[in-house]
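Hello,

Here is the structure for your files.

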Amino acid sequence: MRKPTTEGGPERLVALSDGVFAIAVTLLVLDIDVPPGLNDAGFHEALRDALPNLGAYALSFAVLAGFWRDHRAIFHRVRLVDADVIGLTVLGLGLAALLPFPTALVSEYGDQRVSVVVYSAAVASLGAVHLALAAVVARRPWLHGDTEPLRNENLYAVDAGATVVVFVVTIPLALLVGPPAMWWWLVLVPVKVWLGRKEDAEATG
């Protein structure tokens, strides 16, 4: 059994996480730009050129917002932290802070399969770290005592696991078919809608 510690405890980790996620989301906007001083034709062309950046921003904003929500849900019940919780949290924050880079690759070089591979690997890694963090907290009752989880742990495992699987599968798909492999990400939409309805049903039942 690892000895829990209150040094740099849950509140500090949550505050650090909030700051890192907020900065990462803000950095996503930096790639969206329309140069000044354009004529009408240049202005409309610049707007068209900005569309891929807007799409990549929207995608990564949704990804980071989802992981941010999940991270806070995991820490909702944490009362003590140990070295594993701290290590996984820091690793996850490092991956979250890195996400603007693969986002820029997808927005600027979305026609290159390596951009899709790098982006998919980053999101899958972030999902795997969050899944591992949730498992550590769930399996070590001395970290949370009798506090009930904010989300159903089994449904969360399915949610996070589905995200990891979809983005991991995208990697070989991108190597085979190229950038169209990104359409595979849409599989997550009905999965997350179904999980959300199931959680709502459990909450009201």
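The largest pocket is lined by 28 residues, and Leu59, Ala62, Val63, Leu188 and Lys192 lie nearest its centre. Helix H2 (40-75), helix H6 (153-177) and helix H7 (188-204) are the elements that each give two or more residues to this lining. H2 provides the largest share, 9 residues. The lining of the largest pocket divides into 18 nonpolar, 3 polar and 7 charged residues. The space in this pocket is about 670 Å³.

This is a predicted model: local features need pLDDT of at least 70, side-chain atom pairs count only at pLDDT 80 or more, and totals for chains, interfaces and linings use all residues. Residues are numbered from 1 along each chain as its sequence is written, and side-chain values use heavy atoms, without hydrogens and water.

Terms, briefly. A pocket is an open set of points on a 1 Å grid over the protein atoms alone, where a 1.4 Å probe fits, with protein on both sides within 12 Å along at least five of seven lines; lining residues have an atom within 4 Å of a point. Helices are DSSP runs (H or I, at least four residues), numbered from the N terminus.

Now the second largest pocket. About 280 Å³ of space lies in it. Of its 17 lining residues, Ala134, Ala135, Ala138, Glu153 and Tyr156 are closest to the centre. H2, helix H5 (113-139) and H6 are the elements giving two or more residues to this lining. H5 gives the largest share, 6 residues. By class, the lining of the second largest pocket has 11 nonpolar, 1 polar and 5 charged residues.

Best wishes

How values were computed. Grid points are joined across faces, edges and corners, and a volume is the space filled by probe spheres set on the points. Ala, Val, Leu, Ile, Met, Phe, Trp, Tyr, Cys and Pro count as nonpolar, Asp, Glu, Lys and Arg as charged, and the others, Gly among them, as polar.
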